[in-house]
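Colleague: I'd like to go through the labels on this model with you. Can we take them one by one?

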Amino acid sequence: MTVDQLLAWGTLRLGDPREGLPHPRREARWLLARALAVSETWLLAHPGEGVPASQQAAFRRWIERRRTGEPAHYLTGACPFWGREFLVSPAVLVPRPETELLIAAALALPLPAAPRVLDAGTGSGCLAVTLAAEWPNARVVGLDVSIAALTVAQANARRHRAGVLFAASDLSEAIAGAFDLVVANLPYVPDGEISRLAPEVCRFEPRLALAGGAHGTDLLRRLLADLGQLLVPGGQVLLEIGPDQTALLEPVWLAAGLEQTAVIHDNAGIVRVLHLRAGRGGR
C-alpha cells in the first residue's frame, strides 16, 4: 500500500470526528510518520510512496489501539518536551505542554551557578532531566513513590546524558538537605473529577499520578509543609497546580515560612504554576 492509501485507511478506522477522535486524519498522519521514522511533511510530499510490510503492520496495530482511546504517545513510546524526546509508558503521565511553563519559569530564576534542585514526583523525569540538561553544573534529585516511573525517568536521564540522582520516596520522606529550587508536578486532580477527564486520560494514564484527594491538594499540602526544611534561605519553589487551588494552599505555605512571588497562567488564562520563595532568614 502507498502512503496515501494507508492514510485513508487509518482515517476511516479512527472514525467520524463527531463521534470519536476530533482529528482522525491528523492522528493517522502523525502515527504513520512515526511508523516510517519520517516527518509529516515528507508524507505530504510522497503520497504515492510504497510502505514496507513491517511498517504497515506497525501502523495498523497503532491505529487499532488508538481507536480504543489509548494515548498516541504510549503507542510510540515517546513524547516531545522542551525540545527533547522523552520515553513514556503507562507507568507515567504523558508530559503536557503546560508543564513546560515550569521549565521556562525555572530558567528565568536568579539561582547559584551550581544550583541544588529537587523534583518531587518526577514521573517520566521530564522536569529533572530537562533542568539537568539545561544546567550541566546543577545537582538534581528526582523523587517518586513509583518504582516503575523511576525506571522510565532513569532511562530518560541516560538518553539525554543528564546527571540526575533518582530515589524512591513518598514525597520528601527519604530526602534531607537544603535545595535552591524545588519543582513539582504532583497529582492535583480532585478525585471526583477524574472520571470526567478525557477518556484517554482517565482510562489509560496512571491514577496514582492524577488523583490529588477530595480537593486535589492532598500531596501539594504535604510537600508544602515540608518545604521549610528542604529549602535554603531564599530558596525557590515552582509547583504546577489546578484551577482555584491557590486559596486552599495559602495557609499551608504561610505556615511553612514561604511567601508567594507570582502565579503563572497557561494559554487559556488558567493559573497553572505557583511560584513561592522561602524567607531569607530561614525558620
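Predicted model: local features only at pLDDT ≥ 70, side-chain atom pairs only at ≥ 80, totals over all residues.

Colleague: What makes β5 and β8 edge strands?

Modeller: The open, mixed sheet runs β5-β4-β3-β6-β7-β9-β8. β5 (164-168) and β8 (258-265) each pair on one side only. Strands (DSSP runs of E, at least two residues, numbered from the N terminus) pair if DSSP finds at least two bridges between them.

Colleague: How do you know that β6 and β7 pair?

Modeller: Residues 179-184 and 231-240 share 5 bridges in the parallel sense, against the required at least two, so they pair.

Colleague: Why is the F81 and F86 pair called edge-to-face?

Modeller: Phe, Tyr and Trp rings (six-membered ring for Trp) pair with centres within 6.5 Å; planes under 30 degrees apart are stacked, over 60 edge-to-face, the rest tilted. F81 and F86 have centres 6.0 Å apart and planes at 85°, so edge-to-face it is. Both F81 and F86 are buried (under 20% relative accessible area, with exposed over 50% and partly exposed in between, using a 1.4 Å probe and protein chains only).

Colleague: What puts R60 over the face of W9?

Modeller: R60 lies 4.5 Å from the ring centre; the rule wants NZ of Lys or CZ of Arg within 6 Å of that centre and within 35 degrees of the ring normal. R60 therefore counts as sitting over W9.

Technical notes
Residues numbered from 1 in each chain as written. Heavy atoms only, no water. Helix = DSSP H or I, 4+ residues; strand = E, 2+ residues; numbered from the N terminus.
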